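Trainee: I have a structure open and would like to learn how to read it. Could you walk me through it feature by feature?

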Amino acid sequence: MKFSIKQQFVLAATLFLTAAMVGCKKDNPAVTPATIATKSFLVSGSPVGAFNLYGFETGAPVLNTDSVSNKWDFAMRFEKIIVNSNSSGPGNAGVQVLSTPFDAVTTAPEVGYRYDTTSTNLAVKGTDWYTYNPTTRSFSPIAGKTFVFRTAANKYAKMEILTADPTDDNGAMVTPPTRPTKIKYTIRYAYQASGTRVF
Amino acid sequence: MKSVRQLKSISSISCICFFTNTYVFAQKSLPDTSLLDEIVVTATRTERKLSNVAIPTTVISSRLIQLSGSLRLNEILQEQSGLLLTSGSGSSAVGGGIFGNGIQMQGLSPDHTMILLDGEPLIGRQGGVMDLSRFAIGNIRKIEIVKGPSSSLYGSEAMGGVVNIITEPLQGKQLQATLRTGSFYNNDVALSGNYTGQKAAIYFYSNRNSSNGYDLNKTTPEKTVDPFYSYTNQLKFSYNFSPATKLIISSRYYYSNQDSYYAINSPVLNVGGSGTVKDYNINPVLYHRFSHIVKSQLRLYASGYSFVQQLDSIANGKKYYADNFNQYFFRAENQTDIDCSKNNTFTFGGGYTVQNVNTSRYREPKQQHMFHAFAQDEWVYRKNLTIIAGLRYDYNSDFATRLSPKLSTNVKLNNKIQLNASYGAGFKAPDFRQLYLNFLNNAGDGYSIFGSSEFSVNNLLEQKMLGLVADILPAAYQIKSLMPEISSGFNLGAKINANDKLNIDLNFFRNDIANLINYLPVAVNSNGTSIFSYVNVNSAFTQGAEINTTYQLFKNIKLSGGYQFLQTGDKDILEQIKNNKIYGRDMVNGAARLMTTKDYSGLLNRSKHMANFRVFYDDATSGWSASIRFIYRSRWGVLDKDGNGFANMDAEYAPSNLQINTTVAKKFNNHFTAQFGINNLANQTNAQFMPNTPGLNWFISMNYSLKK
């Protein structure tokens, strides 16, 4: 069937637009922005005992009863951090500490995520992220360090620890010689729910 | 103008106390008008006029101490230019503990200042800091402060400078009694007297000081300063065998007891108890003049310090914490001065020292043996130019020997202006704690600290194999024999005697310090607690300028003002900042950002600006005297919240502070003096960062003095 010039033109335009739309879709995938929030939570101040679990999806502490699940991504006790994978949990979480400020980490790295091998050989070492002063018993999270997580459910998140304050059970600050029963951590994090590595 | 040396040679042949009769100013009314004629001894270990010394030296007279109403060494020193009373300790850039009141000089921390009593070192430091409130000063003649590295004469610890407390000379017959009371039931009772005979003289001083302490933060169950009481007893005896030979024996005994109360885990665990400090020293010195050119002195010095603390649980009396620390020090030293010619004096000497420390924190009692020898030559050219060169050799059984040189010069441009410059080396030997500490903090964090001599990587490797140690950090491999901390300092200054009313003193200084000892984590235990040890790790510098002026406003009113500008820094941190490796938190939005050299505030616990302004009124005729003193320090870094090693956010600083102290006194019938004073008029306190400064407080004292 022979098309008239007008029909040819319309056909070409349609094909061109379809191609363009398809092409545009390939160049511009939908970008879901990452959720950014600043949260504080209390963590046990004892060097032994149960950890306090935390999950990025809910952006809140997770109960210990859910420890055998993917609801939590990392857990803390005093100044120790464990991640939900391998020897510490059933998930697939991994973590790496970068010496790049939070705002400058725009993409999570593809590889390099560490996990806890045993209860004493952890992915995150204290010297990675804080300096400790035994005389004043205070530890200061080092500015400019960012934690990048692959969460237990294979999503990505980045986090920086803003402050680590010694407090009592109610979250009120204490100073030496009073010993803290809890540590109040304030973190800023970005969670990418879509599963991509873009923050 | 007669040279000091000539004055000395005449008088030494004639009189009794040949080292005190050149003491020019009368201890009567006007403070310090003839201060430039004051004889000082600390700068060169020989008697020189203050106007002739080439090293920055300050003299605090006993009259000034009386007018200021100061009872203890820390009280008078905190009002001096360029000196900072700090309750911090440690030479590390990042913070420290709270171990009492120490002195910071030219920005160097308290463990780098040497405190002497009549030329002998005072011992008993906790965490490197000497608690200056131990020393009663109601009975001393004067305090000489020498700034800049002085290890060429005094050896270890004299890195930032030296404070020398000079006690009463033995002359005349006198009896004095002082009673004082004030805020916080701070009561002080002192009795002293001396009797000088033909050949012998005796002096005694006895003091009891007590206080109920005070509380700056009523929300915590603990008091900021707990109640305490202390006794000080001093006895000095001298005997002139002949006009050329004299023996002086000085002794001192100090005892203090302080309650302690800590709410460790209130109300579950509250502990209480007390701490006791005892220290004593005995110092016989034999002076002999061999000829009008050569004189010599033989000094023996024995000193002991002990600290015992016991804390028990208040609920059930169970022992919670016990600590004891005992230190003994013995030294024998000789110093000989030779007046080679009218213009040249050569001084040399040497000695042997042995120190013992016995404490529950070390594995076993420890002992150190030291030998030292020093020499100094002073050459005066045409009365205008003085050059002093000195060198000291220190040998220690525990670490490498040290050679400390010093060169200083004084140029009199005319009879109003003189310039001085000095360059010297200072050092501080690693102390017992840094070498031998074997301390496990069982309560709470469970961290442990080992001195470098108690530590071995092999031991850690063994423990790792046994599963006791989880992780050995890179710092563990850096531990080797600790070296002394060293410094070199340069001082350049001018003294201007504008007219007989106005004096200006100016000094620029720069100190470069290396091998600073700091504790670093070296391993992690399997239970997560850390193991620390000491390493020579930091390099730092301090530099600045100090200006002091005194002005005799009227016959009875004297004004004095001083200002110090100080810059300090840790060289490694500065290097990292320049390489864009250090971040800090932004004050506004908390985001991390790269730090620049502008953001770097230097070492913690240092104030960039310190100033003081003092007015003294002293009228011998009417018997009235009064003073008002303003002491200011600008804000200083106290915390490191963002892990970069220095203060860059407002929250990391302690706010600036102004202390205003006043006194007024009246002397009745030549024997009886009543004094009233108010300290901290502006009531500026800070419970967390200035625990040793109470709020506004007052005192009233009565002094009765009988002189023959």
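Mentor: Let's begin with the largest nonpolar core, which has 84 residues; the ones with the most contacts inside it are Phe74(A), Ala75(A), Val95(A), Phe149(A) and Ala157(A). In chain B, strand E29 (residues 502-525) gives the most to this core, with seven residues. A second, separate core has 49 residues, including Leu64(B) and Met114(B). This is a predicted model, where local features need pLDDT of at least 70, side-chain atom pairs count only at pLDDT 80 or more, and totals for chains, interfaces and linings use all residues. Residues are numbered from 1 along each chain as its sequence is written, while chains are lettered from A and ligands numbered from 1 in the order in which they are written.

Trainee: What is a nonpolar core, and what makes a residue buried?

Mentor: A core is a set of buried Ala, Val, Leu, Ile, Met, Phe, Trp, Tyr and Cys residues joined through C-beta atoms within 7 Å. Buried means 20 or more other C-beta atoms within 10 Å of the residue's own, exposed means 12 or fewer, and partly exposed is in between, with C-beta atoms placed from the backbone. Buried residues are 44% of the 708 in chain B and 38% of the 199 in chain A.

Trainee: Which residues is Phe74(A) in contact with?

Mentor: Contact means that C-beta atoms, placed from the backbone, lie within 7 Å. Leaving aside neighbours within four places in sequence, the partners of Phe74(A) include Tyr54(A), Ile81(A), Val95(A) and Phe149(A).

Trainee: How many helices and strands does chain B have?

Mentor: Helices (H or I, at least four residues) and strands (E, at least two) are DSSP runs, numbered from the N terminus. Chain B comes to seven helices and 40 strands. Its radius of gyration is 26 Å, close to the 27 Å that the globule rule gives for 708 residues, so chain B is as compact as a globular protein of that length. That radius is taken over C-alpha atoms, and the rule is 2.2 Å times the number of residues to the power 0.38. Chain A has two helices and eleven strands.

Trainee: How do I read strand pairing?

Mentor: Strands of a sheet pair through backbone hydrogen bonds, either parallel or antiparallel. Two strands count as paired if DSSP finds at least two bridges between them. In chain B, one open sheet of five strands has the order E3-E10-E11-E6-E7, with mixed pairing. Its edge strands, E3 (57-61) and E7 (120-121), each pair on one side only. Within chain B, E10 (residues 140-147) and E11 (residues 161-167) run antiparallel over seven bridges, and Glu144(B) has Asn164(B) as its bridge partner in E11(B).

Trainee: And where would I look for hairpins?

Mentor: E17(B) and E18(B) form a hairpin with four residues between them. E18(B) is also joined by 19 bridges to E19 (residues 319-341) of chain B, again antiparallel. In the hairpin of E18(B) and E19(B), with five residues between the strands, Gly317(B) takes a positive phi near 75 degrees.

Trainee: Why does Arg635(B) count as partly exposed?

Mentor: Because Arg635(B) has 18 C-beta neighbours inside 10 Å. Arg635(B) sits in the loop between E35 (624-633) and E36 (636-637) of chain B. Not counting residues up to four places away in sequence, Arg635(B) touches Tyr653(B), Ala654(B), Pro655(B) and Ser656(B).

Terms used
Two residues are in contact if their C-beta atoms, placed from the backbone, lie within 7 Å.
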